[in-house]
Amino acid sequence: MSADWFRRRFLPRGPLPAPRPPRPRASPVPYRRPRFLRGSGSSSCTADASRRPDARPVRSPVRGRSLPWNAGYAEIINAEKSEFNEDQAACGKLCIRRCEFGIEEDQEWLTLCSEEFLTGHYWALFDGHGGPAAAILAANTLHSCLRRQLEAVVEGMVATQPPMHLSGRCICPSDPQFVEEKGIRTEDLVIGALESAFQECDEVIGRELEASGQVGGCTALVAVSLKGKLYVANAGDSRAILVRRDEVRPLSSEFTPETERQRIQQLAFIFPELLAGEFTRLEFPRRLKGDDLGQKVLFRDHHMSGWSYKCVEKSDLKYPLIHGQGRQARLLGTLAVSRGLGDHQLRVLDTNIQLKPFLLSVPQVTVLDVDQLEPQEEDVVVMATDGLWDVLSNEQVARLVRSFLPGNREDPHRFSELAKMLIRSTQGTDDSPIQDGQVSYDDVSVFVIPLHHQGQGHSSH
């Protein structure tokens with residue numbers, strides 16, 4: 001049966017209509033800026049603004065809108081790097097309810113009391129890659145995952161030492177071999193809740209992106225205040241630091257292709273199909289050329305922290321999976337996107353740098369005891385995405401903080417003003433306090449969290 005016959009038989013009055021192009025699948029979440037920026041005019045900060053460097057406004061919450069702990073926030077979109085701002089931010093109050101076992105002995109589930117049992121606060125930054133979808137999903141999901149995970153352990157958190165059995169039963173009192181328990185602290189439960197929340201959120205992001213046909217991923221930098229302590233969890237290349245009058249303390253460990261090198265290489269060793277025949281997992285001091293064939297050159301593999309020599313083979317001339325060093329290191333495996341490697345597979349290999357997924361990224365968690373710190377008036381935590389740290393060092397940020405805050409004590413919005421000043425310091429403008437010629441063309445998002453007067457009223461139970 002020919003197409004001509006079909007046309008004559010069923011469409012005598014004209015030709016077949018042209019086939020409609022397939023409609024793109026809808027994004028799992030609409031693009032928008034953080035809720036606390038509403039009213040600041042930030043909704044217009046899209047492609048048109050990014051095309052003109054002089055029209056890249058620094059956005060911050062409108063005056064009169066306070067964030068938890070009176071924290072400051074500011075952000076700026078990139079300069080033609082991508083169509084949208086791929087950073088996302090979230091903050092708010094964590095209201096953790098108490099979990100109780102059912103009255104009946106055979107009732108295995110937990111019931112949640114309606115009253116608030118423990119409170120804390122939450123600040124988070126997400127840096128997307130390959131589009132803003134993953135970062136938006138994380139900003140709308142991670143805090144809910146964290147609250148659920150904390151509610152599962154809150155009974156243990158309020159105890160002097162987390163008991164093994166929440167029901168209060170003793171464990172093997174007749175057998176001394178099994179009586180001794182490990183020294184588990186309250187903060188270990190919070191760390192476990194953060195790690196589980198990251199994993200749960202990652203699964204949600206993976207499902208949503210797959211269902212909507214989206215690609216990409218994001219980093220996450222999260223600060224949580226609970227019971228007088230600040231927990232900073234990081235998976236990615238954003239950074240948090242504590243700035244005091246006489247101290248600068250890193251509060252996060254960055255994930256870069258260099259720091260994650262051995263894990264990335266090991267995944268490539270276990271799943272060589274992920275390299276799609278395009279890359280070599282081996283690392284060399286430089287990109288190899290045809291002239292290097294047969295020569296003995298330095299190299300290292302996934303099991304090595306040091307270096308050795310090997311004779312160059314033809315397979316070694318492929319693109320290296322990891323290129324460069326330090327903050328300039330890049331994961332070249334993202335080239336496989338255009339060669340048909342599925343997003344899920346690539347996410348397994350990529351480990352949150354170029355495509356920045358959560359997948360397989362166990363966060364690094366640092367605990368700051370705010371009560372014991374006895375914070376002073378100008379003590380702050382600065383959280384920022386990599387667009388800031390690519391230009392400014394910890395010490396430069398600390399100098400800017402110390403020079404700004406003492407002269408602005410009467411301004412109730414000084415912490416947002418400080419966040420804006422930090423961003424302007426990355427833009428190479430004439431009024432920038434840092435005049436070394438470096439400019440950040442990336443998205444930049446900054447939280448400034450003051451610690452003074454935050455030790456009291458940190459919990460209720």
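Which backbone nitrogen lies 3.0 Å from a polar atom of the side chain of Ser 252? In this predicted model, the nitrogen belongs to Ala 240.

**View 1. Ser 252 sits in a loop between strand 8 and helix 6.** Strand 8 covers 247-250, and helix 6 covers 261-270. Ser 252 has 11% relative accessibility, so it counts as buried. Leaving aside neighbours within four places in sequence, Ser 252 touches several residues, including Leu 221, Val 232, Arg 239 and Thr 366.

**View 2. Helix 10 packs through its buried residues.** The helix runs over residues 394-404. Among its buried residues are Asn 394, Val 397, Leu 400 and Phe 404. The buried residues of helix 10 pack against strand 7, strand 8, strand 16, helix 9 and helix 11.

**View 3. Trp 69 and Trp 123 form an edge-to-face pair.** The structure holds 6 aromatic pairs. In this one, the centres are 5.2 Å apart, with 70° between the planes. Trp 69 lies in the loop between helix 2 and strand 1, and Trp 123 lies in strand 3. They are 54 residues apart. Both Trp 69 and Trp 123 are buried.

**View 4. Phe 279 and Tyr 319 form a tilted pair.** Their ring centres are 6.3 Å apart and the planes meet at 50°. Phe 279 is in strand 9 and Tyr 319 in strand 12, so the pair ties together parts 40 residues apart in sequence. Phe 279, at 5% relative accessibility, is buried. Tyr 319, at 35%, is partly exposed. The charged end of Arg 287 sits over the ring of Tyr 319, 4.6 Å from its centre.

**View 5. Phe 36, Tyr 73 and Phe 447 form one aromatic cluster.**

Terms used: Residues numbered from 1 in each chain as written. Predicted model: local features only at pLDDT ≥ 70, side-chain atom pairs only at ≥ 80, totals over all residues. Heavy atoms only, no water. Helix = DSSP H or I, 4+ residues; strand = E, 2+ residues; numbered from the N terminus. Buried < 20%, exposed > 50% of the residue type's maximum accessible area, 1.4 Å probe, protein only. Polar contact = N/O pair within 3.5 Å; in protein donor to acceptor, adjacent residues only side chain to side chain. Contact = heavy atoms within 4.5 Å. Phe/Tyr/Trp six-rings, centres within 6.5 Å; stacked < 30°, edge-to-face > 60°. Lys NZ or Arg CZ within 6 Å of the ring centre and 35° of its normal.
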